[in-house]
Amino acid sequence: MASFTPTPVDSIASTVTRLDAAFGTLKSHPLSFRLEQLGRLYWGLRDNEQALYDALAADIGKPVFETFMTEFAWPLSDIVNVMENLKTWAADEPITDVPWTTKLVNRPVMRKDPMGTILIIGASNFPVQLTISPLVGAIAGGNAAVVKPSELTPRSSALIAKIVEDVLDSEFYAVVNGGVDVTTKLLELKFDKIVYTGSTYVGKIVATAAAKHLTPCILELGGLNPVFVTKSADVKTAAKRIAWGKVHNAGQICLGPDYVLIHPSLEREFVESFKNALKIYLPNGAQASPDYGKIVNDRNFNRIKKLLDNSSGTVLCGGSVDESTRFIEPTLVKVTNSSDSLLSEEIFGPVIPMMVVGKVDEMVLLAKRLGDTPLAMYIFSADKLEQEKILKSVRSGGVSINDVILHASNSYIPFGGVGESGHGKYRGRDTFDSFVHRRPILSQPLWVEGQLSIRYPPYTPKKLAAY
Ligand code: NAD
């Protein structure tokens, strides 16, 4: 197993200078180079499939099937999508929505220029996909890149370093491992773009550091994601899908359903169906199940436990915790007060509060009060008008209707936040577009000089009249 070695802080500046210089050679620009690197990355992941399962199991107790879905197949499908489309996406794009004279004379195009050196800082819950998928974009855009995986998942981060070092051109791509000191050093340096995934709190630190160099950022942050279960919802399916959203990765998902607002007529059936779903998913209980993960570190374990301890709600199922294994049981809590601790911040764990609310309008008001711009929103409703009303009234980075999480688990659909949950997107075509500078180019033929001479001074009244 690759071992985690923090990168010496005093070596970081020279690594970035080296990558900047390599970018300056233009060798990363040709599509043939980019495709070769992407192909190598694809096989680097495939050759390390078992090592990925082992690393994620050791770091976060991730079941093999979950690692397969979200840390293996996911980045692979991003690579395949980008490789299949790169030639089309990278081609000069004629700018056609211009007057016919401009089209005829200037033939303006949008070129997609590589940006430079990209910094990618990853989070702990999906350490592989949250670094590799942006790296795919950086490579596709013809850039150099530095990857800083999460220090909370040391075995996965060591493996990411090994894969990148083994298969990619080290002139252009480097992994820097370590904690806050390492990230702080990186953020002092100038990059051409930063992709940061993690908490909103650290996102503000990243954005402030980037602003000093006027560096553009993609910020993939967190939030308190609401779930609306309206009177018209298929309540059994809703409960099944929401329960899965809390079991997967032990609820440590930025897109996880954070709280449920449910119509009173569905409460009883929802609770029964939620409990049944858990019994089916984890028949011998969560603690004994090989299909259920653990909380990534003590700090997060204690944070979630405190939210639970401070809640004045009623535990409807689950509730047990074990500090020694950082285990928290999937837990459903009925809360009656919108200032409950469980509604005060992103839970990022397997606990979900449920509040009974009679009218869609009241649900909307409550959701807006609890967090105006979450990363995701989930609407369980069979009524299109109701769906539209919620969509129009409550903002969010993305939305799944009658499901959770899935809008962001498709290689072809761009993903990102809004407001407090971040800005900028990747995945789908955005995995290319977000990593290039779209540079308009207008070519002026010499023969138009006669017509254009009107622009030169002196600005005589005759010229004004002719214009
Ligand atoms: P985190 O913010 O603690 O850490 C993420 C990265 O930031 C790590 O690489 C870490 O080294 C670095 N970091 C931590 N503190 C820092 C500091 N003071 N200065 C500079 N860098 C620092 O996040 P986490 O605990 O790994 O992940 C959980 C959070 O990430 C949740 O809020 C979750 O919603 C969010 N998240 C968002 C997405 C998304 O795509 N929007 C995906 C996954 C996780």
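Predicted model: local features only at pLDDT ≥ 70, side-chain atom pairs only at ≥ 80, totals over all residues.
Local features need pLDDT of at least 70 and side-chain atom pairs count only at pLDDT 80 or more, while totals for chains, interfaces and linings use all residues. Residues are numbered from 1 along each chain as its sequence is written.

**View 1. The shell around the ligand.** The ligand is surrounded by 28 residues (C-beta atom, placed from the backbone, within 6 Å of it). Thr183, Gly198, Glu220, Gly222 and Cys254 are the closest. Helix H8 (180–188) and helix H9 (200–212) are the elements that give two or more residues to this shell (helices, H or I, at least four residues, and strands, E, at least two, are DSSP runs numbered from the N terminus). H8 gives the most, with three residues.

**View 2. Helix H2 against helix H6.** The axes of H2 (residues 31–47) and H6 (residues 129–140) come within 9 Å and cross at roughly 160 degrees (lines fitted to C-alpha atoms over the stretch in contact; angles run from 0 to 180 degrees between N-to-C directions). H2 is therefore roughly antiparallel to H6 (angles over 145 degrees). Arg34, Gln37 and Leu38 in H2 meet Val136, Ile139 and Ala140 in H6 (C-beta atoms, placed from the backbone, within 7 Å).

**View 3. Helix H10 and its surroundings.** Buried residues of H10 include Val235, Ala238, Ile242 and Val247 (20 or more other C-beta atoms within 10 Å of a residue's own, all placed from the backbone). The buried residues of H10 pack against several elements, among them strand E8 (226–229) and helix H11 (267–281). Asn249, with a positive phi near 55 degrees, follows H10.

Key: Parallel < 35°, antiparallel > 145°, perpendicular 65-115°, else oblique. Contact = placed C-beta atoms within 7 Å. Buried ≥ 20, exposed ≤ 12 C-beta atoms within 10 Å, placed from the backbone.
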